[in-house]
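We'll go stop by stop.

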Amino acid sequence: MRSLARYILSGPFQAVTVVFFFALLSFVFPFLIIFSGGALALITLKIGMRHAIRILLICVALIALSTWLLLGNLTAGPLIVWVSIVAVAYMYQHFQSLSIALQALTVFGAVLTLLVAVLFPDLQADWLLYLTNLLEAIKQGPSFQIMMQSANLSLEQAEQYLPGIASLMTGMVVAVYLLTVSVTLSFGGWWNDLLDDAQAFHKEFARFNLGRILAISVALFAVVAWGTKAAIFWQLTIVCLSMFFLQGLGLAHAVIGALSKPLLGFVAVYGLLFIVTPQMMLVLASAGVLDGFVDFRKRFIKSEE
């Protein structure tokens, strides 16, 4: 991975090759956008935002040309994700603070959720139609039948849940977008650490805090959502909790890093995150919100500095 990072930084052609190649593959394997965006984050951190934007624009043009030639229609590809990654990486580099960069990203996600609710008031109906069609398309598959049996759900019960899921879809999509940008930035920061033979980004991740204001905000969103059952407040809660999940994960890194045998702790946390993903994400998000009020990490961070 260190060799790939050096290759990305060795020249514009090499950078465009990596960003474009992994972006093209991400149409088939979406997780590979992390490599493409991570390269842009690395360029932003090492060379600067202007150079990263030039690479970004060239890759957008190449993606548009490729999809037009291969599929017959134009697409900008992962433009929104790329722009977000460059912007957040620049903020991290400029302010030398991961906390500020991810605070700004969280606020942007909340504002985006509100704007979508205002500009597209009937979007829930569109989500419901999409989910209904999706359910119709997959319900005959054997894997779907096995999944329903393991969850002790009937088709009728699944259909009853669709309106509730549709009301949360916008928030869930924004939450996935925020996590994608954050994880991609982390990948670029890890690459940067590899090149410098340092652990600057890891230490920054272990101490980052979204702050008390956002912690109060997500608590208020949750209380209002519970009391009013309004979909927009549930969506805002989901969006903010997705970022507090990262804070909880950072808290876990700080606590485990202070142990005498941290490897076992990391295996346990990430193993549980892989096995019981929803429950573990909720636990870490809750820990992150509580940490926003209490700031547990002061006792651990002092030993690292």
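How many aromatic pairs does the structure hold? There are 12 aromatic pairs, where a pair means rings of Phe, Tyr and Trp (its six-membered ring) with centres within 6.5 Å; planes under 30 degrees apart are stacked, over 60 edge-to-face, and the rest tilted. Before selecting any, some ground rules: this is a predicted model, with local features needing pLDDT of at least 70 and side-chain atom pairs counted only at pLDDT 80 or more, while totals for chains, interfaces and linings use all residues. Residues are numbered from 1 along each chain as its sequence is written, and side-chain values use heavy atoms, leaving out hydrogens and water.

**Stop 1: aromatic rings**

Select Phe 35 and Phe 187. Their rings pair edge-to-face, 5.0 Å centre to centre with 65° between the planes. Phe 35 sits in helix α3 and Phe 187 in helix α9, so this pair ties together parts 152 residues apart in sequence. (Helices are DSSP runs of H or I with at least four residues, strands are E runs of at least two, and both are numbered from the N terminus.) Phe 187 has 16% relative accessibility and counts as buried; the scale is buried under 20% relative accessible area, exposed over 50%, partly exposed in between, with a 1.4 Å probe and protein chains only.

Now go to Trp 127 and Tyr 130, another edge-to-face pair, at 6.1 Å centre to centre and 75° between the planes. These two are 3 residues apart in helix α7 (residues 123-138), so about one helical turn separates them. Tyr 130 is partly exposed, at 46% relative accessibility.

Then select Phe 21, Phe 22, Phe 35, Phe 187, Trp 190 and Trp 191 together: they form one aromatic cluster.

**Stop 2: the largest pocket**

The volume is about 800 Å³, taken as the space filled by probe spheres set on the points, with grid points joined across faces, edges and corners.

Which helix gives the most to this lining? Colour α9 and you have it, with 11 residues. Helices supplying at least two lining residues each include α3 (33-46), α6 (98-119), α10 (200-207) and α13 (262-275). By type, the lining divides into 23 nonpolar, 6 polar and 1 charged; here Ala, Val, Leu, Ile, Met, Phe, Trp, Tyr, Cys and Pro count as nonpolar, Asp, Glu, Lys and Arg as charged, and the others, Gly among them, as polar.

**Stop 3: the second largest pocket**

Select Ile 238, Leu 241, Ser 242, Met 281 and Leu 282, which lie nearest the centre of this pocket among its 15 lining residues. It holds about 340 Å³ of space. Helix α12 brings the largest share of the lining, 6 residues, while α9, α12 and α14 (277-294) each supply at least two. The count is 13 nonpolar, 2 polar and no charged.

**Stop 4: the nonpolar core**

Next, pick Ile 55, Trp 82, Leu 98, Leu 102, Trp 191 and Phe 245: they have the most contacts inside the largest nonpolar core, which has 69 residues. A core is a set of buried Ala, Val, Leu, Ile, Met, Phe, Trp, Tyr and Cys residues joined through side-chain atoms within 4.5 Å. Apart from it lies another core, of 6 residues, among them Leu 135, Leu 162, Ala 166 and Met 169.

Zoom in on Trp 82. Leaving aside residues up to four places away in sequence, its contacts (heavy atoms within 4.5 Å) include Val 19, Ala 23, Ile 33, Leu 40, Cys 59 and Ile 63.

**Stop 5: two loops**

Finish with Gln 96, in the loop between α5 (79-95) and α6. Gln 96 has a positive phi of about 55° although it is not a glycine, and it is exposed at 59% relative accessibility. Lys 229, in the loop between α11 (212-228) and α12, also has a positive phi, about 65°, without being a glycine. Lys 229 is exposed too, with a relative accessible area of 54%.

Technical notes: 1 Å grid on protein atoms, 1.4 Å probe; cavity = no way out; pocket = protein on both sides within 12 Å on 5 of 7 lines; lining within 4 Å.
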